[in-house]
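Biologist: I have not looked at this one before. Can you put it up and take me through some residues?

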Amino acid sequence: MPRLHFGDWIEDLVGWLQSHLTWLFDLVNTVLGGMYDGVNAVLGGGEPLLMAGVLAVIACWLRGLLPGALAFVGLALIDSLGLWDDAMDTLSLVLVASVITIVFAVPLGIWAARSERVSAQLRPVLDVMQTMPAFIYLIPGVMFFGVGTTPGLLATIIFAMPPGVRMTELGIRQVDGELIEAAEAFGTSPRSTLARVQLPLALPTIMAGVNQVIMLALSMVVIGGMAGAGGLGEQVYSAITQLKVGLAAESGVAVVILAMYLDRMTGALGRRVSPLGRRAAAKAAVAAAGRFRLAHYKPGGAVAVIGVVILALVAGGMNLAGSGSSKEAGAGTDVGQGKKINLGYIPWDEGTATTYLWKELLEQRGYETDVKPLDPGPLYSGVARGDIDFQTDAWLPTTHKAYWDKYSSQLDDMGAWYGPTSLELTVPSYVKGVDSLADLKGRGKEFGGKIIGIEASAGMMGTLNESVLKAYGLDGEYKVVSSSTSSMLAELDRSIKKKEPVVVTLWSPHWAYGKYDLKKLKDPEGAWGKGEQIHTVAHKGFAEKDPTVAKWLKDFKLTEQQLTGLENDIRAAGEGHEQDGVRAWLKKNPGLVNKLAPVAGAAKAQGKDAGKTVDMGYFPWDEAIAATYLWQNILEDRGYKPNVKQLDPGPLYTSLAQGQMDVQLDGWLPTTHKEYMDRFKGKLDDLGAWYGPTSLELTVPSYVKGVDSLADLKGRGKEFGGKIIGIEASAGMMGTLNKSVLKAYGLDGEYKVVSSSTSSMLAELDRSIKKKEPVVVTLWSPHWAYGKYDLKKLKDPEGAWGKGEQIHTVAKKGFGQEFPELSGWLKDFKLTEEQLASLEVEIQKGGAGNEKESARRWMDAHPGIEDELAPVAG
């Protein structure tokens, strides 16, 4: 048989329609989009719980008080899941699609019932509409109307139409012929017979068809989400493509609640409007009389209307009252002035990460944004049409070559922001003897003859099938299984957990290489081609539409470390909180907002020595961590390049004396660090104290009775296990404790000072308190432990600890000449006890590894602190 090029004919037809009927598609798009926007404005415009009350009143009117209450509970659950706006988007889409479908389906069903010829012609058309995979409807929909609600509406209408037509035809054909003959015998016209006899009797069947139309429309929400229709479909699609089980479950529950509500309401409405239904409802009401009368109470139509109107007015009024914008753009940063920017992304990690990064950047610069996850085909089509302004995940020249070739005349390449990347096949490291693509040959049975791929539309899948398999003679032995990125990763995870052989498509960079022990299979033949670049692609003319954003995008660059850090923070933020992850990452990278999206007057004032590298050291005491990370943020904002390194006191003072480190902020003087200052005298500069006085002390929990001073410890050594829990042996206070304090109170034979670390001492204190055991530890003031635990500072009547100390900034010799501006700032640096305590608490809250972000959060809560500590003229 010769090859029938049916697909080519369809392509040509679509091209002709696009060229000659654009005006018609624009008209349809305007009408359908306007209908959807109108319904959505009504459903989504009010306070969620009040709108839920409106829908509950309708349920109460149709079915009774108990169903109304259950409806309210279900809708309130949707709101509590944070999916109310998405649910109303979906409900709007379903209602508009259902109304349009019914408007066409019922007349067609009547026509088919009255004409055998029409019925015969409609039947195969309905068969095609009902059995054709619904995804196919999206392709011409997106090409003719772009991404958005219209393709989703059209696909839904086509898919939901057949049951409406068939059930209408069936209902009319089932009306008893004798009743029709009787009506005709009395001289009733065919039109009156239809309206007064056939339709009323067929109404239960027609309403069953309407119910099916609505249910099928709701089942299309995920497919609509793939075309950018938004709503719960977008959430489900995002969950499917990114393997977000939690988001999938929440979105699924919301869809189920909407489905149950619509099903029950349409069923009850069918009984209300049908004579037979009203008769059956009356019989049921008589049978239920006296039993649960309140639960079955149904308000009259007038009462229901009044309730709906009142709730709707209240909801609308609250919406108007709260409609004022709460955004306050910083001076000089409101570049967008509310202008709308539409972003699309393929739900791959780097696409998700950079899209939500730009969403946050644009919103900080005064733009409004709309973000849609789409498959590559609809995304490129949407950008080409101008429905999407730009997308940041174009893999060129290989992976997305087909799309670039097809739409290049309608796209602008804004340049690469990352690269080079690489495409590869990958196996777990426990698969022995497979290190290159050539090693796969002859081992197909071991892998089940499968290579687990991603979306069939991805360019790398074409390269794999057309080039890689042939280059290594694998095309007869292996079948490439098209799936999705999330499905591929799920299969990889499942196989690794079972220690089964598996070969998957992957690319670099990808977080999977950090999570699993994998091998990238070498490609000695170079079949994958050279590494790619990840580009930003905008629609034609975007640079003229918004030259500022276009300039930002052209200058956009991320390093591998920045990208993986951003991806990890977004994954840590969890499903549905991608923008929160971006904000957390931006706080860890201060100054990056102004670098990626610079505007006049928005940048932080730069210091005179901006660009100089400052090496800062600290040892892991709380005040040192707090002050060091505070100054790291400040210096970055002022244009310096601070490097931060943790060291013990001995190595840190040695490094300062040798000039390997520039400065440290935790010199306890004159006692704790006296030894180091004496040893390196002449090689260090004391820039002055920024906090004090402090105190050193031994401390016990308050439940230890009779021990209020150091003298009370004598004779109670057995109670404490003969131990005093200390910190680092190199700390000066440990020397003072052993040489002075124990001797002054006669404790040196009874107690042994256990050297450990600050964290170990605090862990022992915490453990002892939880068990209510006696313990004595070294501590100092200020320290956050006094706020967390109920402790007693043991009095020192002999003054063995010495006087309270000051916390100094200590720098290398000549620091002031090398960093005159910074030296001035540090000499004037002061923190109050309240400021230091709140900074330490914020860092404790942020947890290990997030010290810099936590210090930034504290700075944000103390506006003006940066200019106070590091003033810059002008």
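Modeller: A term to begin with: helices (H or I, at least four residues) and strands (E, at least two) are DSSP runs, numbered from the N terminus. The model is predicted, so local features need pLDDT of at least 70, side-chain atom pairs count only at pLDDT 80 or more, and totals for chains, interfaces and linings use all residues. Residues are numbered from 1 along each chain as its sequence is written, and side-chain values use heavy atoms, with hydrogens and water left out.

Biologist: Which helix is Thr205 found in?

Modeller: Helix H10, residues 190–219.

Biologist: Is Thr205 buried or exposed?

Modeller: Thr205 has a relative accessible area of 18%. That makes Thr205 buried, because buried means under 20% relative accessible area, exposed over 50%, and partly exposed in between (1.4 Å probe, protein chains only).

Biologist: And what does Thr205 touch?

Modeller: Leaving aside residues up to four places away in sequence, Thr205 touches Met167, Leu170, Gly171 and Gln174. Contact here is heavy atoms within 4.5 Å.

Biologist: Changing topic, how many salt bridges are there?

Modeller: The count is 38, where a salt bridge is a side-chain nitrogen of Lys or Arg within 4 Å of a carboxyl oxygen of Asp or Glu.

Biologist: Why would such side chains pair at all?

Modeller: Side chains of opposite charge can pair when their charged atoms come close.

Biologist: What does Arg494 form a salt bridge with?

Modeller: With Glu491, and the closest N and O atoms are 2.7 Å apart. Both residues sit in helix H20 (residues 485–498), 3 residues apart, about one turn of the helix. Arg494 is partly exposed at 32% relative accessibility, and Glu491 is partly exposed at 24%.

Biologist: What about Arg638, which side chain does it meet?

Modeller: Arg638 meets Glu866 in a salt bridge, 3.7 Å from N to O. Arg638 lies in the loop between helix H27 (622–637) and strand S12 (641–646), and Glu866 in helix H37 (residues 865–869), so the pair ties together parts that are 228 residues apart in sequence. Both Arg638 and Glu866 are buried.

Biologist: Last topic, the surface. Which residues form a nonpolar patch?

Modeller: Trp23, Leu24, Leu27, Val31 and Met35, with about 470 Å² of accessible area together. Patches take residues with over 30% relative accessible area and no salt bridge, joining like charges within 9 Å and nonpolar side chains (Val, Leu, Ile, Met, Phe, Trp, Tyr) within 5 Å. Accessible areas come from the Shrake-Rupley method with a 1.4 Å probe, and for residues only the protein chains shown count as cover.

Biologist: Where does Trp23 lie?

Modeller: In helix H2, residues 22–44. Trp23 is exposed, at a relative accessible area of 56%.
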